[in-house]
Amino acid sequence: MMTRLLIGRALSALATALIPTTLTLAVLRTTGGAEALGLVLACELVPLLLLLPVGGVLADRLRPERVVLLADLVRCLAQTAIGVQLLAGVPRVADLAVLSAVSGVAIAFGMPAVPRLVAGAVPGPDRLRANARIGVATSLSGVIAPALAGAITLAAGPAWAALLTGTVYACSALTLGGIRTARRPQQGHRGTPTFGRDLADGWREVRSRPWFFRSVLGHGVWHFAAGLFLTLGPLTVVQRLGGEAAWVLIVQCGTVGLVAGVFAAPRLPIRRPIVAVQVAAALYLAPMAALAVPGPAWTIAAAYAVAMFGLGVLSPLWETVVAHEVPEGALGRVRSFDQLISFAARPLGFAVAVPLAGVTGTTGLLLAGGVLVAVANLAAVAGRAGADGGAGAAQPASVRTPEGRRPRGGRRR
């Protein structure tokens, strides 16, 4: 079962990572306009943000494998339709925008179901290792997919890259859809649940865990800071620190750090997972400060590798801790709030980076952003009773030890 899950998630991650490069090149070849590209990309993001809470409710009501199956099939059809249009030579921006919106809707419904799928398919002691392996697949997909999509586009055109994406989604759907999990837990209240009541119950689960709420806000600041760095970084490095090759070096070092962190996560003897997660997020101060100075390109690359190593450790730890602490029947709704803040924060950072830098200066903005990300994430564990007492003391051994043995006296809320 775990092998099937890992293969399915790897395929889904690869397909998802193929889309941005394929869609960007397709729109630019069709129209050549940045405005059209912005419209098409926004049409995917807006329904995603609006419908994530709805997807969280459905993820908790339905079998997660069925939700993931349907979401991947819808994305398969959307990408195949894009490929057919491009192949026929009659692509229109409006059609690409609509199909991107359909993909955004599918992502909104599919993403909250994934944590429930992992929790239902993988025993507790093995979850950290499973999440780490999924993280490795996702990280490698982020590196391989843009190059693969670009090569196919240059050799045969974006239509074939889109058709490949649709095929990979179909394989993912067939793989993940074959996983079997237990029936969803019974509702905690009597009568037929309404959407509003389910949504309110999910928010109550979030607010009842202060450590989770503070951590999610800190992660939102992390994504906002990442938006600032990934916008101002290329501008500063290309213009002042060695050109495009220097920025490529920085990005590659970050990728190496990310993969190393994901590999290290299940092998580190971490006793307080929430503290480790928040400290790892606070490491993003390093590249923000290095870029603000700015130092030589190699110092920024080293700092970015450290920050991305922290992200690599953070991601599987966080997935595992939340799945352990949150009841499975509420996991989809709780994670949808988490995902909503993350997805909204990074585009905001992209959007305001240049205007804010024009007011405060690049150095001031980067330093302020770095300090903010460190303070917001470290403050999430400042009240040790809330963080360690609520999450650290009750972690599964798969979080606290390298080998994934069950703890003595472990508990679930």
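Reply: Helices (H or I, at least four residues) and strands (E, at least two) are DSSP runs, numbered from the N terminus. This is a predicted model: local features need pLDDT of at least 70, side-chain atom pairs count only at pLDDT 80 or more, and totals for chains, interfaces and linings use all residues. Residues are numbered from 1 along each chain as its sequence is written, and side-chain values use heavy atoms, with hydrogens and water left out.

Me: How many helices and strands does the protein chain have?
Reply: Both counts follow from the DSSP runs. For the protein chain they come to 0 strands and 17 helices.

Me: What is the phi of G361, the residue that follows α14?
Reply: Helix α14 covers residues 331–360. G361 comes after α14, and its phi is positive, near 90°.

Me: Where in α14 does the kink lie?
Reply: The bend at a residue is the angle between axes fitted to the seven residues ending there and the seven starting there. In α14 the kink is about 45°. It comes shortly before the proline P355, at A353.

Me: How far does α9 reach from its first C-alpha to its last?
Reply: The expected span of a helix is 1.5 Å times one less than its number of residues. α9 has 31 residues, and 45 Å is expected. A kink of about 30° lies at L232, shortly before P234.

Me: Why does the pair of F229 and Y304 count as stacked?
Reply: Rings of Phe, Tyr and Trp (its six-membered ring) pair if their centres lie within 6.5 Å; planes under 30 degrees apart count as stacked, over 60 as edge-to-face and the rest as tilted. The centres of the F229 and Y304 rings are 5.0 Å apart. The pair is stacked because the planes are at 25°.

Me: Which helices does this pair link?
Reply: F229 and Y304 are 75 residues apart, so the pair links distant parts of the chain. F229 belongs to α9 and Y304 to α13.

Me: Is A132 buried or exposed?
Reply: Buried means under 20% relative accessible area, exposed over 50%, partly exposed in between (1.4 Å probe, protein chains only). A132 is found in helix α6. Its relative accessibility is 4%, so A132 counts as buried.

Me: Which residues does A132 touch, not counting residues up to four places away in sequence?
Reply: Contact means heavy atoms within 4.5 Å. The C-alpha atoms of A132 and L317 are 8.1 Å apart, across 185 residues of chain. With residues up to four places away in sequence not counted, A132 touches V262, P266 and P316.

Me: What is the omega of the cis peptide bond between V293 and P294?
Reply: P294 is in the loop between α12 and α13. The cis bond joins V293 to P294, with omega about -25°.
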